[in-house]
Amino acid sequence: MRVGCSASLIFKIESDERRPSRQVAGLLAQHLEIPPDQRDLFLKVARQEKSVDSLDSLTPLSAPKLDSVTPRRHTDLPVPPNPLIGREFELAEIIRLIRDPQCRLLTLTGPGGIGKTRLALETAHHLESNFADGAFFVSLVGVGSPDYIIPSIAAALGFSFAGPAEPKTQLLNYLREKQMLLALDNMEHLLDGVGLLSEILQHAAGIKLVVTSRELLHLQAEWNFEVQGLPTPEGDRLEELEVSSAATLFLQRARQARVGFTLTDNDRPAVLCICRMVQGLPLAIELAASWVRTLSCLEIAQEIGRSIDFLRASSRDVPERHRSITAVFDHSWKLLSAEERQVMKKLSVFHGDFTREAAETVTGATLPLLLSLVDKSLLRHTQTGCYDLHELTRQYASARLREDAQEERATRDRHSHYYLTFLEAREQALASDRQKEAFNELNASIDNIRAAWEFAIAHEQTDLLRRGTMSLRYLYELHQYFQEGEALIGRADAMVRAKIASLPADDSARERVRWGGLLGELANQHAFFVQRLGRNDEALKMYNANIALLRTLNEPALLAYALIYKGVVCWSVGEFEESSRTLQEGLPISRVVRHLRLESVGMTFLGAVAHARGDYREAHRWFEGAIVTCPDPHLRLMIGVLFSRTAQALGEQLTQAQNLLEQGLRHAREIGNRWGIALGLENLAVTMQAGGDYDQARRLLEESVALHREVGDWWSHSRALNSLSRLAFLQSDVVRAEQGAREALKIAASAGYNPNALDALVILAEIYAQRKMNQRALEMAEFALNHAASTQEMKERAGKLRVELEAQLTPEQIEAARARAQALSLDSIVGELGKA
């Protein structure tokens, strides 16, 4: 039956031999679809608290109104291993609240193990098809800091960050137009970060949130649903045990633990006692039921009873709502072997999923031990073949581990060593055609990698930090987690600088060199993230300081890296001479140390500098060398982006350029790199435009600009806007052309991407010339011509425009325009345009 009653019990209720419990009456009202305004009356009549004869006439029940259903979107919600038991009333109420237009943030509160997660997930499954963009489940269990809430939400959505814009801004922009249900699980340890939820609700009108937490969030928009334990029979009426949700859950789990288990008359009082002692707490019931393989129901009840009495008498610092579940854990702990206890304690250092290999290396757990813990419901075996711990179980085991400080330190040392070595071992694969596989492996362990990195910083594990730095940087680059990457590397950088400053003056030179080498590694990657965040001046200062340090050390690979990536920054801001000089110095060193990826970067940007100077043959030679040398599919996309412009300038190898772009775009889509997708789309569009397919090019450019706007990378965003503006101008869409060029100029100038800003300025000059604003157009063309960051292409366009404009102006007007151009700066031009 849908209300969980037997046919005989329903017959007795209908014939007035039995009175249904309040829970059963509520379920009957739900499944009979009694209207809300008549539900209280129905419950009173069903419970025989009001006579049928005393009722006034009632409005006939109308047919239930069906919700409009939008096409279902596949959102990869986790699939629970077992059906939900005894939560029909709660689920219906939660769904009713979510459907209420006034309720946009519903918090499911209650003690740990009460079933909040299961209810949130079931709600998401039920309502997934009612939201145009689906429902998503965000587990915050392994998240150690409010700083990681945003990446966790993004990961659940399959959303990747890119560029210098704050991840929060990118996420809010992504959610702005979505119609979506987000279920955020286990928020109680991240309450300092709940302000993000208010911002999501303010910026995205189509988002609704279901949050599970042991504590209220205390937000203005919050609606609270307190999840209680599963109902148990009232009084000593054992005949009602068959309709008790708590007992039903116990029986189901007992039958899973011991095939053929049946409830005897002697078991009934014990099961009733167990369910009451744990106050219907589902996790406690499940753990208790797992012991029917070795204990009778009466013995289980006796053991839990003794433990509860002890806790109430002695452990005053245990919160009331935790005492029952702690009793179950204490009981389970006592029944473990000494070896199982040791393993359980050590497993608590893991965050989120972990593999069998990781468990064996860190804790010494054998496969039989792991399976034994799975059998005892203390460890879970996931659908991906990994293992994980329920958060309550992990916390309990962690407290046990902390009882022995020496053992805890040794276990965490092994955990840190395992994951940072695991990270280092995938360095080569990350920069090869095995990139996708390595990325997915590391991504599955990112919570453990974060924890290992933070532990290594706290305990000055210099060798591990150095071994993991490059892979960590590249993992975060592929994720586009630039802000988090800067924070993680920056903390290690600061620790090392403080350590070097504290070394005694008479300390050995070898020790200083060791710390100096680590600083050189960290400073390189720190500067990289600063650069990707658009803080180019700061990045250049960091690279210059690090180059000076590395020249005093025997660290050729690190020196080559600093020189080459400094050259990349110089190119992006238009310092072409300095870029060429540092790239030319770094490239031969990269070849000496046989670092193919670094060598490819050096050749790629020497090609970019040659292109900017108008030496397209030289640029072509560098790009060809980079294509042959490059082992990295992510970098090959960037090579394709830059090479395609040179191929167009030469009118050669356009097919090869397009193939590179398509391969890179396909790879970017596979790993979810939105920055790479947007960049690939832009340059495919430019290639199509060169072939005369303006309409398809326009569609791709519009998509690229929209993606870049979400990502927030100012270099690529301004570049895409310029491409779109040029095409719009060719199509006589002058309004869109001006809009895009103005936006590109503002974005590029603010970050110091001078070549992109000047490109936008030349487009605006061409637009003003068409509008016969000749003197203003000449000022802009003259300014671009004389700016050191102008590329040869820009100079040719600006020079051609200048000749045309001077033919239409008087000598006095020309002289005035030139004088004004000399007094301008990019910032002043942006300011003037903002006032116009």
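## How two helices meet

How closely do the axes of helix H21 and helix H23 come together, and at what angle do they cross? In this predicted model, the axes of H21, which spans residues 446–458, and H23, which spans residues 482–502, come within 9 Å and cross at roughly 20°. Because angles under 35 degrees count as roughly parallel, H21 is described as roughly parallel to H23. The crossing in which H21 passes H23 is left-handed.

## The residues in contact

On the side of H21, the contact is made by Arg-450, Trp-453, Glu-454 and Ile-457, while H23 contributes Glu-484, Leu-488, Ile-489, Arg-491, Ala-492 and Met-495. Sorted by class, the residues in this contact of H21 with H23 comprise 6 that are nonpolar and 4 that are charged, with no polar residues.

## Cavities in the structure

When the whole structure is searched, 3 cavities of 30 Å³ or more are found, and the largest cavity holds about 370 Å³ of space. Its lining is made up of 19 residues, and those lying nearest the centre of this largest cavity are Gln-531, Arg-532, Val-568, Phe-605 and Met-638.

Which helices each supply at least two residues of the lining of the largest cavity? They are H24 (509–532), H26 (556–573), H28 (596–613) and H30 (633–650), with H26 providing the largest share of the lining, namely 4 residues. In terms of class, the lining of the largest cavity divides into 11 nonpolar residues, 4 polar residues and 4 charged residues.

Definitions and conventions:
Residues are numbered from 1 along each chain as its sequence is written. This is a predicted model: local features need pLDDT of at least 70, side-chain atom pairs count only at pLDDT 80 or more; totals for chains, interfaces and linings use all residues. Side-chain values use heavy atoms; hydrogens and water are left out. Axes are lines fitted to C-alpha atoms, for helices over the stretch in contact, and angles run from 0 to 180 degrees between N-to-C directions. Angles under 35 degrees count as roughly parallel, over 145 as roughly antiparallel, 65 to 115 as roughly perpendicular and the rest as oblique. A crossing is left-handed if the near helix is turned anticlockwise from the far one by less than a right angle, and right-handed if clockwise. Contact means heavy atoms within 4.5 Å. Ala, Val, Leu, Ile, Met, Phe, Trp, Tyr, Cys and Pro count as nonpolar, Asp, Glu, Lys and Arg as charged, and the others, Gly among them, as polar. On a 1 Å grid over the protein atoms alone, a cavity is a set of points where a 1.4 Å probe fits but cannot get out, and a pocket is an open set with protein on both sides within 12 Å along at least five of seven lines; lining residues have an atom within 4 Å of a point. Grid points are joined across faces, edges and corners, and a volume is the space filled by probe spheres set on the points.
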